[in-house]
Amino acid sequence: MKITLAAIATGLLLSVASLAGAAPLELSGTATIKFQSETADQMPQQSGTMTTLTLRGEQPLGRNFSVYARLAAQYASNPLLSDYDLEIHGEDKKFVASIDQFGILYKPGDFTFNLGRQEALIGKTALLYSRSETNVGYGTFVDGLSFAGPVGKIDVSGIAARENNLGLPNNSLYALRAGYNLSKSTNLGVTWGNYRVHDGDTTNHWAIDASATRGKLSFIGEYTQSSASQQNKAYALSLNYDFNGKTAVYLTHFRVEANADMGGQSDFDNDNRGIYYGLTHAFNDKLSLEVIFKDQFLLSDDSKNSKLEIWLKNKF
């Protein structure tokens, strides 16, 4: 099935190029090297390097429509730390390559509608749910319709999708967010989400968020609570200081209880609390470096775990 879908996406992207006349195929991509090391109480240390290449093609069709597809490949020296699904590819698989995103875009004015296989981030800080663009391969994204755009001073976005998992359960997710711009540097937002496990439980989620920038200092915070009866709260608070437009440091404090996010898929580790210490540096408009140290504690037993991630990313 995944081979058939990838073949359809490739054929569609290539065939419409001849129908689009003068509109050129738009290509973009990234080359990323990530070193990661993880430690946890009573567990052996894990470390490894992930080398990832993505290539995205978008073909305009006219009348605000275009089609897109993404080819992604990753080599992981330690598959346990990889960004692809080991249940699909196997625990010893060190290299994966596939067309893992494809669909149709409609861009009327400042709005964008996306119908297809795509990443999904719910919540201003992705506190509720995250299947991000750093994932690779089949089973790591969602299939559905998303939209985003401004309505006056309000930014609105939403998604209705099913998870692209190996098989059942293909869980469903729905979300809406509205953010009001109090000024050019201050925004307040609210998010509603719904997560439905196939033949299982359904939970509703509500979140509020705030972000502000004052000179070189910026702040973003988000709080969420689900309809689960217990362990249903989460928050993330982050401060960022930009030294010169190229180098910045940030600190993020978070806590995610076991039933607070959508399917245990927050951008922050589920059933954990802790602090992220980060540094970012842009060498130029394409090449960047990010260093993150994640100092965490498991909520269920208060055991300590930590992660070090070093990213070197080049856009093209």
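Trainee: Which residue in β12 is the bridge partner of Tyr195?

Mentor: This is a predicted model. Strand β12 covers residues 202-214, and β11 pairs with β12 in the antiparallel sense over 11 bridges. In β12, the residue bridged to Tyr195 is Thr203.

Trainee: In the hairpin of β11 and β12, which residue takes a positive phi?

Mentor: Five residues lie between the strands of this hairpin. The one with a positive phi, near 55°, is Asp199.

Trainee: Why does Thr247 count as buried?

Mentor: Thr247 belongs to strand β15, residues 247-256. The cut-off for buried is under 20% relative accessible area. Thr247 counts as buried because its relative accessibility is 18%.

Trainee: With which side chain does the side chain of Thr247 make a polar contact?

Mentor: Leaving out residues up to four places away in sequence, Thr247 touches Tyr241, Asp242, Thr280 and His281. A polar contact at 2.6 Å links the side chain of Thr247 to the side chain of one of these, His281.

How values were computed: Residues are numbered from 1 along each chain as its sequence is written. This is a predicted model: local features need pLDDT of at least 70, side-chain atom pairs count only at pLDDT 80 or more; totals for chains, interfaces and linings use all residues. Side-chain values use heavy atoms; hydrogens and water are left out. Helices (H or I, at least four residues) and strands (E, at least two) are DSSP runs, numbered from the N terminus. Buried means under 20% relative accessible area, exposed over 50%, partly exposed in between (1.4 Å probe, protein chains only). A polar contact is a pair of N or O atoms within 3.5 Å; within protein, one must be able to donate a hydrogen and the other to accept it, and residues adjacent in sequence count only if both atoms are side-chain atoms. Contact means heavy atoms within 4.5 Å. Two strands pair if DSSP finds at least two bridges between them.
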